[in-house]
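Reader: I have just opened this model and would like to go through it piece by piece. Please keep the cut-offs in view as we go.

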Amino acid sequence: MNNNVSEIYVFIITGILLFGLLAGFIIFFVVAYYKKQQQNSREKQLLQTKFNEDLLTSTIEIQEKAFDDISRELHDNVGQQLSAASIYLNLLMQEAGQDQNVKLQTCREIISNSLQDIRHISQTLLGDKITQVGFIASLRLELSKINKLGIGSATLHTSDESLELDPRKEIILFRIVQEAVNNATKHAPESEIHISIQKEEDQLKISIKDTGQGFDTSSNEKAGVGLINMESRAKTIGAQFTLTSKLKEGTQINIIL
């Protein structure tokens, strides 16, 4: 009888141990499988993030290459043709009468102003020129064009006139501000544009605020190409990008690098 009871106990204990080992194996397998799935998911996310970053970088590089090509085309072809037209007008003015001279002088002034505008546009499109002149100086040139053309009133306030940045970040930040200013003048030509650039310890804070018509940020208009470009550019240099806007109250863009 005692032998039978002992055998039963041994059988029960053996069964419990085997069940425990089996349960432990199953738990180990499930945990290992779960961890492997998490690792695969993280690696997939990292690959997707890297792909998105590379795609954004490539897109911006292509855009900058296009800007450079357009800049050189304006400078080398259109600019030269306008210069030639201006020289030809000078020759005509020497041979023309007084009445015709007045009209030719007006034409020459128009061509001269157009030539200056083309040279300025060419400079702001050329990325190398931006890094040569500097971020702040390039912005001041851009805003002076806005004020000169009368398509808006733009001001720039900065705590550091000689701000030095990585050349790539410098160009990208300039393009973001340029896009924001162009959007403001396009949708509300009479608006005031105020740009503030402040350096605080290890952060650079840029604020672009306009008094234009604004828009509803919850509508599809928020996903416009211009805004997507600005957000994408900011992402490539690790900058925080936020936009707030209300109808009839203008728009404000904040960038923190």
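This is a predicted model: local features need pLDDT of at least 70, side-chain atom pairs count only at pLDDT 80 or more; totals for chains, interfaces and linings use all residues.

Reader: Which residue in β5 is the bridge partner of I208?

Author: Residues are numbered from 1 along each chain as its sequence is written, and side-chain values use heavy atoms, with hydrogens and water left out. Strands (E, at least two residues) and helices (H or I, at least four) are DSSP runs numbered from the N terminus. With that in place, look in β5, where I208 has as its bridge partner I253.

Reader: How many bridges join β3 to β5?

Author: Two strands pair if DSSP finds at least two bridges between them. The strands β3 and β5 run antiparallel, and the number of bridges that join them is 6.

Reader: Which residues is N183 in contact with, leaving aside its neighbours within four places in sequence?

Author: N183 is found in helix α5. N183 counts as buried because its relative accessible area is 19%, where buried means under 20%, exposed over 50% and partly exposed in between (1.4 Å probe, protein chains only). Beyond its neighbours within four places in sequence, N183 is in contact with G226 and M230.

Reader: What is the phi of E201?

Author: E201 sits in the loop between β2 (192–200) and β3 (203–210), two strands that form a hairpin with 2 residues between them. Most residues other than glycine have a negative phi. E201 is exposed, because its relative accessibility is 79%. Although E201 is not a glycine, its phi is positive, at about 55 degrees.

Reader: Over how many bridges do β2 and β3 pair?

Author: One of the pairs is K199, whose bridge partner in β3 is L204. The strands β2 and β3 pair in the antiparallel sense, and the number of bridges is 8.

Reader: How far apart are the closest N and O atoms of K205 and E200?

Author: A salt bridge is a side-chain nitrogen of Lys or Arg within 4 Å of a carboxyl oxygen of Asp or Glu, and the count comes to 2 by this rule. K205 counts as partly exposed because its relative accessible area is 30%, and E200 does so at 38%. K205 forms a salt bridge with E200, and the distance between the closest N and O atoms is 3.1 Å.

Reader: Is E142 buried or exposed?

Author: E142 meets K145 in a salt bridge (3.5 Å, N to O); both lie in helix α4, 3 residues apart, about one turn of the helix. K145 has a relative accessible area of 19%, so K145 is buried. At 2% relative accessibility, E142 counts as buried.

Reader: How much accessible area do L22, F25, I26, F29, V30 and Y33 have together?

Author: These residues form a nonpolar patch on the surface; patches are made of residues with over 30% relative accessible area and no salt bridge, with like charges joined within 9 Å and nonpolar side chains (Val, Leu, Ile, Met, Phe, Trp, Tyr) within 5 Å. L22 lies in helix α1 (residues 2–95) and is partly exposed, because its relative accessibility is 48%. Areas come from the Shrake-Rupley method with a 1.4 Å probe, and for residues only the protein chains shown count as cover. The patch has about 650 Å².

Key. Contact means heavy atoms within 4.5 Å.
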